[in-house]
Amino acid sequence: MKKGVRIRTKVVMLTTLAMSILTIIISAIGYYRFNGNVLESYAEYAVAVVKSADTVFDEYGMGDLINERKMDENYELSRLGLNQIKNNFDIKYLYGVYYEDINDLYSLCYVINGKSDEELSQVSSPEEIYSYMGEHCEDDAFDQRSRELMRDCVVNNDTGIRYYESNSPEYGRLITCYTAITDSSGKAVGVVGADIDVNKINRDLNTYLQWVIAAAIIVTLLMITLLVHFINSFITEPVGSIAQSTSDFVQLMSDNVEPEKLVYNKVQVRNHDEIFELSEDVTSLTEGVRNYMANLRHVTAEKERIGAELNVATQIQADMLPRIFPPFPDRHEFDIYASMDPAKEVGGDFYDFFLVDDDHIGLVIADVSGKGVPAALFMVIAKTHIKNRALMGGSPSEILSYANDQLCEGNEAELFVTVWMAIIEISTGKGLAANAGHEHPVLRRKDGNFEIVEYKHSPAVATMEGIRFREHEFQINPGDSIFVYTDGVPEATNANNELYGTDRLLEALNSDLSADAKKRLEIVRASVDSFVGDAPQFDDLTMLAFDYYGKQD
């Protein structure tokens, strides 16, 4: 037997998976919290820078200088103030801008910018990195959103300090903080802005994630070690021992040892938990199996004995019915064939045919209520009474009345039997028939089709003493055929719970009108089997066919 993944391996896999998910969740939460807190502190830092720059611009009247497009001594003093702010604060860019045409986003021009001493030391002349009043901003210096926000600031005369975050391939991740530059009348004429490089956040976040993952791996390994130790001691080893003992027990069963030799080695479990209960339940189960096997051996032997007896009963019942065909090889006035297939080992259906005298033949088909052995025993008695009385002479009505009274005596099981019986004068085709609650017979006239012949029934035999059974005369002519059957034929049921019915029966009988009696029964049986399919046979299935040829010259 192929072994699956062991419990210990499953626990390690599930623990690793759970810790990985937990690490991802903690990392994600920490990432967003850390990112948010750092961004907020950077924004506050940028606000302080812009406030300082705006104070310098107000002191030196930068708003009026923008209106006049003038760069005088105050302009240079403003630049020195911006440079000082750059030296004191860790910012990337500090600048002032204005719009030549407020309706044209790309008319943005520089007012001034500030540079730190470190930046100035890297060039031979400050003019190389300074921006001056009226210089157009490069197209990629500000993105579309930045240009729109700064224009709105000027148009709305917004002197509040605003900020936003941007991320571009050219300048990286920045926090831009800005406010309006106003002239002496308080009108907004430009924007002062400061860009702070926050790419350091990414580096800090990466460091944070590395630490979280490393800590998670260490904790996961520790938990796996503890869990494996716990599982080995309290789950895996006890369950493994139970599994091994169970496997040994099953192997003994596979080897078909005697029930007395089926031994289960009980596993001792220290803790009274679910594993302890499992061990006790398995022990109890194996004890039950051992007892079951002992009982099964006895039952099997008894079943084999009963089966052998039923086989004998089946053979006896089959021997009671005429089975040699043709039954009267020296009589050429008729042909007859019959069959009975019980639903169980023995059945309650029976058929019979016999010569009452040289010129009269009796036909009988019957169905005892119920199935199995009781019905079979009742069938034997009913068949015997009917045939014995018929051989003494008399009409079908008289014969059935005699059998009815005999069967009612001591019938505490309240069984009954439906019977169709006919006695036919062989030389003329004249007949008498009685129907005691049985299926209607099927008749075919020469050159015609099989049709059901319906007439009033009498009650079934053995239902009540003293019953007088109706009988009627009929005439069959050379070339005519009679077909009688039990209810197992029309009531045969398929897997969809549909009945075979008399319409399908007639269709089968009329499918080959040239068939002889034997072939006719084979056609009907094949039709029933095809309809029923794999559904089980619920009732005995019995048929009898009689073809009349008349006196032969």
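Guide: Rings of Phe, Tyr and Trp pair if their centres lie within 6.5 Å. Keep in mind that this model is predicted.

Visitor: How many aromatic pairs does the count come to by this rule?

Guide: The count is 12 aromatic pairs.

Visitor: What describes a pair of aromatic rings?

Guide: Two things: the distance of the centres and the angle of the planes. Take phenylalanine 328 and phenylalanine 334. Their ring centres are 6.0 Å apart and their planes meet at 75°, so this pair is edge-to-face.

Visitor: Which parts of the chain does the pair of tyrosine 500 and phenylalanine 531 link?

Guide: Distant ones. Tyrosine 500 is in the loop between β14 (481-485) and α10 (501-509), while phenylalanine 531 is in helix α11 (residues 517-532), 31 residues apart. The pair is edge-to-face, 5.7 Å centre to centre with 65° between the planes. Tyrosine 500 has 1% relative accessibility, so it counts as buried. Phenylalanine 531 is buried too, at 15% relative accessible area.

Visitor: Where does the charged end of arginine 79 sit?

Guide: Over the ring of tyrosine 132, 4.7 Å from its centre. Arginine 79 also lies over the face of tyrosine 130, at 4.1 Å from the ring centre.

Visitor: Now the sheet. How do strands pair?

Guide: Through backbone hydrogen bonds, either parallel or antiparallel. Here an open sheet of five strands runs in the order β6-β15-β14-β11-β12, with antiparallel pairing. β6 (334-341) and β12 (450-452) are the edge strands, each pairing on one side only. From one strand to the next, the twist averages 15°.

Visitor: How many bridges join β11 to β12?

Guide: Three, between antiparallel strands. One case to find: leucine 443 has glutamate 451 in β12 as its bridge partner.

Visitor: Which helices should I look for on the sheet?

Guide: Start with α10. It packs on the sheet and touches β11, β12 and β14, its direction making about 155° with that of β12. Then see α11, which lies across β6, β12, β14 and β15 (541-548) and runs at about 150° to β15.

Visitor: Last, which residues have the most contacts inside the largest nonpolar core?

Guide: Val417, Val419, Met421 and Phe546, in a core of 51 residues. Strand β9 (residues 417-425) gives this core its largest share, seven residues. A second, separate core has 31 residues, including Ala46 and Leu82.

Notes
Residues are numbered from 1 along each chain as its sequence is written. This is a predicted model: local features need pLDDT of at least 70, side-chain atom pairs count only at pLDDT 80 or more; totals for chains, interfaces and linings use all residues. Side-chain values use heavy atoms; hydrogens and water are left out. A nonpolar core is a set of buried Ala, Val, Leu, Ile, Met, Phe, Trp, Tyr and Cys residues joined through side-chain atoms within 4.5 Å. Buried means under 20% relative accessible area, exposed over 50%, partly exposed in between (1.4 Å probe, protein chains only). Helices (H or I, at least four residues) and strands (E, at least two) are DSSP runs, numbered from the N terminus. Rings of Phe, Tyr and Trp (its six-membered ring) pair if their centres lie within 6.5 Å; planes under 30 degrees apart count as stacked, over 60 as edge-to-face and the rest as tilted. A charge sits over a ring if NZ of Lys or CZ of Arg is within 6 Å of the ring centre and within 35 degrees of the ring normal. Two strands pair if DSSP finds at least two bridges between them. Axes are lines fitted to C-alpha atoms, for helices over the stretch in contact, and angles run from 0 to 180 degrees between N-to-C directions. Contact means heavy atoms within 4.5 Å.
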